[in-house]
Amino acid sequence: MRAKITYFLTAAVLVVYFVLVGSRGVMLLKQGTALTVTFGVAVLILPVIGAWFLWKNTQFVSRANRLAAELEAEGGLPVDELVRTPGGRIDRDSADAVFAKRRAETEDSPDDWRCWFRLAVAYHDARDTPRARRAMQRAIALHDGRPVPS
């Protein structure tokens, strides 16, 4: 729940930022000189890119949460078997051992979105965020019956 609140607060702050930057871009456009119009257009492009990025991330999180809920209903969520330090951080060797198990499971069933979901969690636990994201994108595509990204 804490992560959702943080995500929505961050998204709300970004939307406010986009509006403020957009208003500055409009103000520059209203000046009417070649230089201010050029800068105004450049400034307006930034919130458009930011809004697109925020939208794509929100879609990704929503789809990943949908898969997590479905997997939980099936009783297939990965069990937390990781060793933690006294401070609560995941032990690297423990994360690597669980990752090896999840990778082997995924290699045995490469078309099963559940395996890819669990592999994404293992990548995340091993602090490999880019691969975790790609594995989750693959799980989402397999679940939805869409072409799988390579």
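Reply: Contact here means heavy atoms within 4.5 Å. Helices are DSSP runs of H or I with at least four residues, strands are runs of E with at least two, and both are numbered from the N terminus. This is a predicted model, in which local features need pLDDT of at least 70, side-chain atom pairs count only at pLDDT 80 or more, and totals for chains, interfaces and linings use all residues. Residues are numbered from 1 along each chain as its sequence is written, and side-chain values use heavy atoms, with hydrogens and water left out.

Start with H2. Asn57, Phe60, Arg63, Ala64, Arg66, Leu67 and Glu70 of H2 touch Arg133, Met136, Gln137, Ala139, Ile140, His143 and Asp144 of H5. By class, this contact has 6 nonpolar, 3 polar and 5 charged residues. (Nonpolar covers Ala, Val, Leu, Ile, Met, Phe, Trp, Tyr, Cys and Pro; charged covers Asp, Glu, Lys and Arg; the others, Gly among them, are polar.) H2 spans residues 34-74, and it packs on H5 at an angle of about 65°, with the axes 10 Å apart. Axes are lines fitted to C-alpha atoms, for helices over the stretch in contact, and angles run from 0 to 180 degrees between N-to-C directions. Angles under 35 degrees count as roughly parallel, over 145 as roughly antiparallel, 65 to 115 as roughly perpendicular, and the rest as oblique. H2 and H5 are therefore roughly perpendicular. Their crossing is left-handed. That word applies if the near helix is turned anticlockwise from the far one by less than a right angle; clockwise makes it right-handed.

Now turn to H4. H4 covers residues 113-125 and H5 covers residues 129-144; they pack at about 165°, with their axes 8 Å apart. The two are therefore roughly antiparallel. Here too the crossing is left-handed. On the H4 side the contact uses Trp113, Trp116, Phe117, Ala120, Tyr123 and His124; on the H5 side it uses Arg131, Ala132, Ala135, Met136, Arg138, Ala139, Leu142 and His143. These residues divide into 10 nonpolar, 2 polar and 2 charged.

A loop joins H4 to H5, and arginine 127 sits in it. Its phi is near 65°, a positive value in a residue other than glycine. Most residues other than glycine have a negative phi. Arginine 127 is partly exposed, at 45% relative accessible area. (Buried means under 20% relative accessible area, exposed over 50%, partly exposed in between, with a 1.4 Å probe and protein chains only.)

H4 also meets H3. The axes of H3 and H4 come within 9 Å and cross at roughly 160°. H3 and H4 are therefore roughly antiparallel. H3 passes H4 in a left-handed crossing. H3 brings Ala95, Phe99, Arg102, Arg103, Glu105 and Thr106; H4 brings Cys115, Trp116, Arg118, Leu119, Ala122, Tyr123 and Asp125.

Rings of Phe, Tyr and Trp (its six-membered ring) pair if their centres lie within 6.5 Å; planes under 30 degrees apart are stacked, over 60 edge-to-face, and the rest tilted. By this rule the count comes to 3 aromatic pairs. One of them joins phenylalanine 99 and tyrosine 123; it is tilted, at 4.7 Å centre to centre and 50° between the planes. Phenylalanine 99 lies in H3 (residues 92-108) and tyrosine 123 in H4, so the pair ties together parts that are 24 residues apart in sequence. Phenylalanine 99 is buried, at 14% relative accessible area. Tyrosine 123 is buried as well, at 16%.

Leaving aside neighbours within four places in sequence, arginine 102 is in contact with Pro78, Val79, Glu81, Arg118, Leu119 and Ala122.

Last, a look at H1. Glycine 22 lies there. It is buried, at 13% relative accessible area. Glycine 22 touches Leu44 and Pro47, leaving aside neighbours within four places in sequence. Methionine 27 is also in H1, which runs over residues 2-31. At 45% relative accessibility, methionine 27 counts as partly exposed. Its C-alpha atom is separated by 55 Å from that of aspartate 93, 66 residues apart along the chain.
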